Protein chains: 2
Amino acid sequence: MSAETTFTAPRGMRDFYPTDMTVRQAIFKAWTDAARASGFDAYDACVVESLDLLKRKGGEEIVDQIYCFKDKSDRDLALRAEMTPSLARMVAAKQNELVFPLKWYAIAQCFRYERMSRGRKREHYQWNLDIVGEKSLLAEAEVIATALDALRRLGLGDAVSVRINNRALLAELLEKTGVPRDHHAAAFLALDKRGKIDDEALGTLLRDSGLSPEAVDAAFRLLQVQTLEEAESLLGGPTPASQALRELFDLLALFGCAGAIRFDISVIRGLGYYTGIVFEGFDSGHTLRALFGGGRYDNLLGDIGGRPETAVGLGFGDVVVAELLSDRGVLPSAVESRDFAIGFMTEAQRADAISIAYALRRQEQRVDLGLHAEKPKNFFARAGKGGVARAIYIGPDDTARGTVRIKNLADRSETETTIVALTTPTP
Amino acid sequence: MSAETTFTAPRGMRDFYPTDMTVRQAIFKAWTDAARASGFDAYDACVVESLDLLKRKGGEEIVDQIYCFKDKSDRDLALRAEMTPSLARMVAAKQNELVFPLKWYAIAQCFRYERMSRGRKREHYQWNLDIVGEKSLLAEAEVIATALDALRRLGLGDAVSVRINNRALLAELLEKTGVPRDHHAAAFLALDKRGKIDDEALGTLLRDSGLSPEAVDAAFRLLQVQTLEEAESLLGGPTPASQALRELFDLLALFGCAGAIRFDISVIRGLGYYTGIVFEGFDSGHTLRALFGGGRYDNLLGDIGGRPETAVGLGFGDVVVAELLSDRGVLPSAVESRDFAIGFMTEAQRADAISIAYALRRQEQRVDLGLHAEKPKNFFARAGKGGVARAIYIGPDDTARGTVRIKNLADRSETETTIVALTTPTP
């Protein structure tokens with residue numbers, strides 16, 4: 001086995017070295033800060049779920065992409081492919097105690113066994129925002145506005161557009177063109193494949209889901225609709241579904257998002273469980289896969305055996321947004337910074353170095369302490385590599401005098417201070 | 001299937017509701033803040049590892065407790081039981097690029113398939129601190145002092161004692177009593193079981209690892225040694241191993257830890273790979289399992305196929321420390337707090353409510369916005385449940401006048417301000 005084979009992570013799984021963690025932590029921080037600002041509470045569930053739960057929900061595609069295994073008591077377990085089934089399970093378990101609407105967020109590692117391409121790994125971290133038990137479209141608005149707030153915090157506020165549709169509008173349009181209700185779910189899943197497969201294959205899929213040749217033609221024409229006005233004129237005027245979209249756009253304008261949102265009839269979402277508004281966020285140039293997506297789902301809690309409850313959710317992965325940060329040249333680059341680096345020339349200075357490091361750390365300073373005696377050249381080469389604000393290097397003369405020099409590594413200025421002053425706690 | 005069965009997490013796995021997350025986040029924050037103050041860099045690896053890697057390392061016990069499975073290409077994968085093999089793999093993969101000594105930390109979910117008892121689940125989160133490539137005992141001191149700093153940050157600074165030993169000292173003592181070197185590793189593993197199995201079973205284990213009946217008696221006598229002085233007198237004076245312990249105690253005193261540390265010859269650690277100093281942290285009353293443990297390991301990098309490099313590591317789980325927080329009555333209890341709760345009486349006030357929430361959130365205030373029109377009684381009942389600092393409830397009169405009242409929920413005082421002032425960004 002070659003050294004490379006031996007030391008790499010399993011295929012599709014990622015290692016995070018400190019430089020990679022800088023990026024990941026910046027993304028997690030933006031997610032967390034945005035969720036907290038909007039009043040979401042954190043929750044989490046284990047990455048290992050029962051296979052049964054994932055099957056009870058689960059998009060049609062996802063089930064064969066699940067990593068599954070048996071434990072030693074022959075239980076069927078799986079690594080979750082998404083967080084929503086676990087959320088639904090947790091809500092159902094305490095449905096009589098929890099206060100609704102609830103607004104929860106999680107940053108959840110999720111696994112899918114699939115072919116890899118840009119923006120696709122076999123695991124990723126996904127930020128989940130869910131509002132359960134709220135009918136008002138303000139729920140959709142909160143979730144979308146919070147996602148955009150996270151992007152703003154990452155310096156990507158102007159780099160994103162959210163495409164919004166309503167499955168109820170699609171249903172009205174399909175019905176108008178003669179596709180009966182019980183073929184809608186299959187038609188949605190087929191139409192969602194547009195752009196991923198060619199139109200001929202899509203036509204076959206649609207016919208397989210029970211559409212007549214005329215209905216297939218009509219479905220293709222539907223996807224040409226560019227504006228909400230066009231959709232309304234096909235429907236003979238405003239409908240509940242088109243009015244819901246207009247209301248949502250108004251609400252999002254109040255959240256300062258008017259410039260970032262637009263109607264897009266082709267946004268459908270692959271998962272079977274959406275029942276109303278659906279949306280996807282893309283980079284403005286649409287050069288990458290979706291940054292986030294979500295929508296309203298009314299049936300999930302009931303489907304897994306709980307009391308039915310409406311919900312709105314969003315999933316936002318860490319891979320595509322990291323690519324966008326990189327493409328835009330705004331990738332956070334500094335490894336975690338230190339306020340001080342401290343070094344010492346001989347063992348005789350070690351105790352002073354430790355005492356100073358200890359005192360500074362107690363004052364919430366981040367201190368990198370050299371762990372063995374070293375020459376000044378070596379110490380300053382290391383400290384000068386970036387990310388360090390100030391350096392203290394202690395030699396025998398310093399110990400003798402009882403003073404040290406604090407070097408500001410940005411402007412090379414120095415200040416001298418006594419060791420006693422540095423190590424005596426400020427009152 | 002009963003509702004309870006349906007909605008629980010898989011056996012041994014934990015759900016974290018928002019109140020549970022408050023505790024977990026407080027622990028993670030203490031770990032992260034302590035690691036950063038001491039100049040450790042974050043890293044991470046995927047919870048899924050190759051089974052081969054875990055087998056190459058892995059304590060003797062651990063291998064049969066691993067959750068393992070095959071992916072669809074028949075690769076043998078596993079959920080890691082501990083982080084150190086992944087750390088060693090990542091270091092080995094970039095051994096020529098990385099700058100040593102490196103100081104890394106991670107908060108890693110780890111899985112073990114074992115019987116459950118207090119302080120034992122089948123998954124837990126473990127804080128890992130490792131210093132790779134540093135011979136000085138200052139590495140051990142940094143790791144132990146950083147663990148104690150995390151406990152201080154949790155309000156447990158005086159609740160813990162660290163018991164420290166040196167496997168090299170045990171080796172010197174075993175050799176002195178006639179146990180040859182090549183039986184030491186087995187003897188360590190057997191001696192580590194003391195207290196977990198009865199002395200008779202322990203004696204059998206020791207004889208099975210190749211010790212003569214006299215050597216078994218001698219090994220039992222060793223474990224009666226109470227002080228470093230006693231150990232040294234058995235050895236005929238100070239030895240390199242006893243001097244290392246004395247030096248480490250001196251270093252830890254400089255980190256303010258003198259009161260929390262003591263020599264304990266019975267601390268051995270179950271894992272086979274430790275080669276020098278070993279330590280375990282316990283609650284002072286020793287009513288719970290170990291809070292953390294670690295030591296120096298010189299052979300792991302070489303064992304998994306890398307270039308040999310000395311290292312010091314620590315693992316600190318989230319379960320026992322949460323129990324200690326609970327036992328001591330210092331469990332963080334508040335669900336994430338909000339700066340504001342905002343509600344509105346009729347749809348006509350909704351736009352004002354959103355605009356105020358949006359403006360406050362932009363000023364880094366955490367705002368819970370009511371998502372539908374509600375009566376003041378309902379709004380204030382919800383807002384008054386704790387964790388909310390101020391409440392703004394908007395009725396028709398407020399909209400008409402263009403003002404709102406901000407109610408301080410702690411002292412019930414009110415201030416009035418204009419909606420324009422609240423929603424206009426401060427320059």
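Guide: A definition comes first: two strands pair if DSSP finds at least two bridges between them. Strands (E, at least two residues) and helices (H or I, at least four) are DSSP runs, numbered from the N terminus. This is a predicted model, in which local features need pLDDT of at least 70 and side-chain atom pairs count only at pLDDT 80 or more, while totals for chains, interfaces and linings use all residues. Residues are numbered from 1 along each chain as its sequence is written, chains are lettered from A in the order in which they are written, and side-chain values use heavy atoms, leaving out hydrogens and water.

Visitor: Which residue stands opposite A:Cys68 in S4(A)?
Guide: A:Ala78 does. Strand S3 (residues 67-70) of chain A and S4(A) run antiparallel, joined by 4 bridges.

Visitor: What lies in the hairpin of those two?
Guide: The hairpin of S3(A) and S4(A) has 5 residues between the strands, and A:Asp74 there takes a positive phi near 70°.

Visitor: How many bridges pair S2 and S4 of chain A?
Guide: Strand S2 (residues 48-50) and strand S4 (residues 76-79) of chain A pair over 3 bridges, in the antiparallel sense. A:Ser50 has A:Leu77 as its bridge partner in S4(A).

Visitor: Now the open sheet: what is its strand order?
Guide: In chain A, 5 strands take the order S13-S12-S14-S15-S16, with mixed pairing. Strand S13 (367-369) and strand S16 (414-418) of chain A are the edge strands, each pairing on one side only.

Visitor: How do S12 and S13 of chain A run, parallel or antiparallel?
Guide: Strand S12 (residues 338-344) of chain A runs parallel to S13(A), with 3 bridges between them. A:Ala341 is opposite A:Asp368 in S13(A).

Visitor: Changing topic, how many residues does each chain bring to the contact?
Guide: Chain A gives 99 residues and chain B gives 99 residues, where contact means heavy atoms within 4.5 Å.

Visitor: And how much area do chain A and chain B bury?
Guide: About 8000 Å² is buried between them, 57% of it on carbon and sulfur atoms. Buried area is the accessible area (1.4 Å probe) that two parts lose on being put together, summed over both. In chain A, A:Phe7, A:Tyr17 and A:Leu371 lose the most area to chain B, together 10% of what that side buries.

Visitor: How many salt bridges cross the interface?
Guide: The rule (a side-chain nitrogen of Lys or Arg within 4 Å of a carboxyl oxygen of Asp or Glu) finds 12 salt bridges between chain A and chain B. One of them joins the side chains of B:Glu247 and A:Arg350 (2.7 Å, N to O).
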